[in-house]
Amino acid sequence: MLLASLPLAIGRLTSLAMRALWYYRHVYVGVPAALTNGKTFLFSQRDGAGLWGEHFNSALALLAIIPTLPDLSSVTTSIAALQAAQLANGSSNVSTTVVGS
C-alpha cells in the first residue's frame with residue numbers, strides 16, 4: 001500500500017516545492033531549471049483524464065504548473081476534469097475522513 005501511494009506523495013511534494021521556489025526564480029540561478037524539471041515531472045504523472053490521482057493533488061499540481069505556462073492550452077483538459085468533479089456548492093465529490101475524530 002505504501003508503494004502504491006508513493007507517486008501521489010512525490011507529485012504532492014513536487015507541487016509544493018515548485019510553489020515555494022516560484023518566488024526565487026529571478027534570485028537564484030538554478031531555480032528556473034528546477035521549476036522546468038518539476039513541471040516536466042508533473043506533466044509525466046498525469047493520468048488519462050488529465051488529473052494527478054486525487055483531486056487535492058490535481059489542484060496542487062495545477063497551482064504549481066499554471067504560473068509557469070505561457071497559456072493554458074496544455075492544462076485545459078486537467079482544469080475541465082477537476083471542474084467536472086465539483087458539486088454544485090463548489091466542494092469536491094470526494095469524501096474525507098478526519099483521523100482521530
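Colleague: How many of the 11 residues of α3 are buried?

Modeller: Ground rules before the count: this is a predicted model, where local features need pLDDT of at least 70 and side-chain atom pairs count only at pLDDT 80 or more, while totals for chains, interfaces and linings use all residues. Residues are numbered from 1 along each chain as its sequence is written, and side-chain values use heavy atoms, with hydrogens and water left out. Buried means under 20% relative accessible area, exposed over 50% and partly exposed in between, with a 1.4 Å probe and protein chains only. α3 is largely enclosed by the rest of the structure, because the buried count is eight.

Colleague: At roughly what angle do the axes of α2 and α3 cross?

Modeller: Helices here are DSSP runs (H or I, at least four residues), numbered from the N terminus. Axes are lines fitted to C-alpha atoms over the stretch in contact, with angles from 0 to 180 degrees between N-to-C directions. For α2 (residues 31-44) and α3 (residues 55-65), the axes come within 10 Å and the crossing angle is roughly 145°.

Colleague: Is the crossing of α2 and α3 left-handed or right-handed?

Modeller: The convention is that the near helix is turned from the far one by less than a right angle, anticlockwise for left-handed and clockwise for right-handed. By that test, α2 and α3 cross in the sense called left-handed.

Colleague: Which residues of α3 make the contact with α2?

Modeller: Contact means heavy atoms within 4.5 Å. The α2 side brings Lys 39, Leu 42 and Phe 43, and the α3 side brings Ala 61, Ala 64 and Ile 65. Those three α3 residues, Ala 61, Ala 64 and Ile 65, are also on the buried list.

Colleague: How do the residues of the contact of α3 with α4 divide?

Modeller: The axes of α3 and α4 (residues 76-84) come within 11 Å and cross at roughly 140°. His 55, Ser 58, Ala 59 and Leu 62 of α3 meet Ser 78, Ile 79 and Leu 82 of α4. Ala, Val, Leu, Ile, Met, Phe, Trp, Tyr, Cys and Pro count as nonpolar, Asp, Glu, Lys and Arg as charged, and the others, Gly among them, as polar. That gives four nonpolar, three polar and no charged.

Colleague: What does Leu 69 contact, leaving aside its neighbours within four places in sequence?

Modeller: Leu 69 sits in the loop between α3 and α4 and is buried at 16% relative accessible area. Its C-alpha lies 9.4 Å from that of Lys 39, 30 residues apart in sequence. Beyond the excluded neighbours, the contacts of Leu 69 are Lys 39, Phe 43, Ser 74 and Val 75.

Colleague: What is the geometry of the pair formed by Tyr 24 and Tyr 28?

Modeller: Rings of Phe, Tyr and Trp (its six-membered ring) pair if their centres lie within 6.5 Å; planes under 30 degrees apart are stacked, over 60 edge-to-face, and the rest tilted. A search of the whole structure finds one such pair. The centres of Tyr 24 and Tyr 28 are 6.0 Å apart and the planes stand at 40°, so the pair is tilted.

Note on methods:
Helix = DSSP H or I, 4+ residues; strand = E, 2+ residues; numbered from the N terminus.
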